[in-house]
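Trainee: I would like to go through this structure and ask what stands behind each label.
Mentor: Go ahead; each label will be set against its definition.

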Amino acid sequence: MKIVDIREVAKPIKSNIRNAYIDFSKMTLSLVAVVTDVIRDGKPVIGYGFNSNGRYGQGSLIRERFRPRLLEAAPESLVNDAGDNLDPHRIWATMMTNEKPGGHGERSVAVGTIDMAVWDAVAKIAGKPLYQLLAEQYGNGTPGRRVFVYAAGGYYHPGQDLEALKNEMRGYLERGYKVVKKKIGGAPLAEDLRRIEAILSILPAGCKLAVDANGRFDLPTAIQYAKALSQYDLFWYEEAGDPLDYALQAELANHYAGPMATGENLFSMQDARNLIRYGGMRADRDWLQFDCALSYGLVEYLRTLEMLKDNGWSPARCIPHGGHQMSLNIAAGLGLGGNESYPDLFQPYGGFPDGVKVVDSYIEMPELPGIGFEGKADLIAEMRALAS
Ligand SMILES: O=C([O-])CC(=O)C(=O)O
Ligand SMILES: [Mg+2]
């Protein structure tokens, strides 16, 4: 059993939106296919992966370092002891040969992208949904197939007025979401508050709004926003300051009693551990958004979950960034608190298999082998085009 090829292509996921930090006019991702010589249903098993929005495609790192390391490795060094499947942990260790610790920059995105494709292949070789395999191998044996999802949007669109913003949010509510998210920090505070109040004015009872500053604020601004936001009952206040400024996050907890969220720009177990050690995050109310597709993949995310357990955090406090099906599988298999979703953005990469409906902000995972990409027609068409 072996990996016979790893293919990569950069794909545009651009749109004319911006958050407080970046616009998405040139956003790309890397799409990867890991081709194996294992035959299922008369065809070779191919695992697929991609990195989530926010970072860019990682083709050069994949082509120059991670792909050759895997293709040059002895095939038997990449399989499990039983010899009946690929071993994601051994594959991960091979990719990370001759990589020093620290400085997790973009390398973690390249590795996370390939890691996603490896897990897709592993679950397909095992003939089960990835969430089922994860529950059996790393969880309590039984997946929780109902997963909480929220609708991320509320970006700064050119020319979008408050009425259009409300209509965008109504669209999410009509599609079954009860939690919606908007951006803050890309406009003056007074304007952000008008935008927030416009959305709150149309949210029915039981629905909530989260806000996301994308790491824009210095401490005084983060506190100024914290004071202003305290008047609302928000789902969370996300990524107020620089993702690596743990002291800012810790101080902010003295000024904001409601739930806060961060972690999408932490790319390793060690960075996540620093957030837990020094970031003042509160295990009874705050949310952790580490995204395996940006942070060395699920092999590393399993280490992060162990670290959280050692520090008294439940996996249920994790709602990953990124809106991809990989994190849906982890959520269902290992009991995370849910997953992000971008109903109108970054298609065809985000979202759910066709026919999956959001009801009361939950989806039910269908029974598809692997991550489930084959159940999403527009996405699998792009993936097959790369593999063929
Ligand atoms: O706007 C982005 O970069 C995405 C983001 O922060 C999120 O989905 O939480
Ligand atoms: Mg965010």
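Trainee: Why does K181 count as buried?
Mentor: First, this is a predicted model, where local features need pLDDT of at least 70 and side-chain atom pairs count only at pLDDT 80 or more, while totals for chains, interfaces and linings use all residues. Residues are numbered from 1 along each chain as its sequence is written, and chains are lettered from A and ligands numbered from 1 in the order in which they are written. A residue is buried if 20 or more other C-beta atoms lie within 10 Å of its own, exposed if 12 or fewer, and partly exposed in between, with C-beta atoms placed from the backbone. K181 has 28 C-beta neighbours inside 10 Å, so K181 counts as buried.

Trainee: What confidence does the predictor give the chain?
Mentor: pLDDT is the predictor's confidence in each residue, from 0 to 100. The chain has a mean pLDDT of 97, and 100% of its residues reach 70 or more. The model also scores ipTM 0.99 and pTM 0.98.

Trainee: Where does K181 lie, and which residues is K181 in contact with?
Mentor: K181 lies in strand 5, residues 179-183. Helices (H or I, at least four residues) and strands (E, at least two) are DSSP runs, numbered from the N terminus. Two residues are in contact if their C-beta atoms, placed from the backbone, lie within 7 Å. Leaving aside neighbours within four places in sequence, the contacts of K181 are Y150, A151, A152, G153, G154, A210 and D212.

Trainee: Which residues does the UniProt annotation "active site" cover, and what makes them gather at one spot?
Mentor: The unreviewed UniProt entry gives K183 and H321. They span 139 residues in sequence, yet no two of their C-alpha atoms are more than 14.0 Å apart, so they gather at one spot. UniProt positions are given in the numbering used here, feature names are shortened, and annotations may be inferred rather than shown by experiment.

Trainee: Are K183 and H321 buried or exposed?
Mentor: K183 has 24 C-beta neighbours inside 10 Å and therefore counts as buried. H321 is buried too, because 28 other C-beta atoms lie within 10 Å. K183 is found in strand 5, and H321 is in the loop between helix 10 (297-310) and helix 11 (325-334). Not counting residues up to four places away in sequence, K183 touches N19, A20, G154, Y155, Y156, D212 and N214. With neighbours within four places left aside, H321 is in contact with S52, E264, Q289, D291 and E340.

Trainee: How do you know that D212, E238 and E264 gather at one spot?
Mentor: The "binding site" annotation in the unreviewed UniProt entry covers these three residues, D212, E238 and E264. They span 53 residues in sequence, but no two of their C-alpha atoms are more than 11.2 Å apart, so they gather at one spot. D212 lies in strand 6, residues 208-212, and is buried because 26 other C-beta atoms lie within 10 Å. Outside four places in sequence, D212 touches K181, K183, I184, E238 and E239. E264 lies in the loop between strand 8 (260-262) and helix 9 (269-278), and its 24 C-beta neighbours inside 10 Å are why E264 counts as buried. Beyond four places in sequence, E264 touches E239, Q289, D291 and H321.

Trainee: What makes the span of helix 1 close to the expected one?
Mentor: The expected span of a helix is 1.5 Å times one less than its number of residues. Helix 1 (59-72) has 14 residues and reaches 18 Å from its first C-alpha to its last, close to the expected 20 Å.

Trainee: Where is the kink in helix 1?
Mentor: The kink, of about 35°, lies at F66, shortly before the proline P68. The bend at a residue is the angle between axes fitted to the seven residues ending there and the seven starting there. F66 is among the buried residues of helix 1, with L61, I62, R67 and L70. Their cover includes strand 1 (3-12), strand 2 (28-40), helix 2 (88-95) and helix 3 (107-126).

Trainee: Which domains is the chain divided into?
Mentor: The division is into domain 1 (3-127) and domain 2 (137-387), with bounds from an automatic or database domain assignment. Their C-alpha centres lie 23 Å apart, and 39 residues of domain 1 are in contact with 40 residues of domain 2. Helix 3 gives the largest share of the side of domain 1 that touches domain 2, eleven residues.
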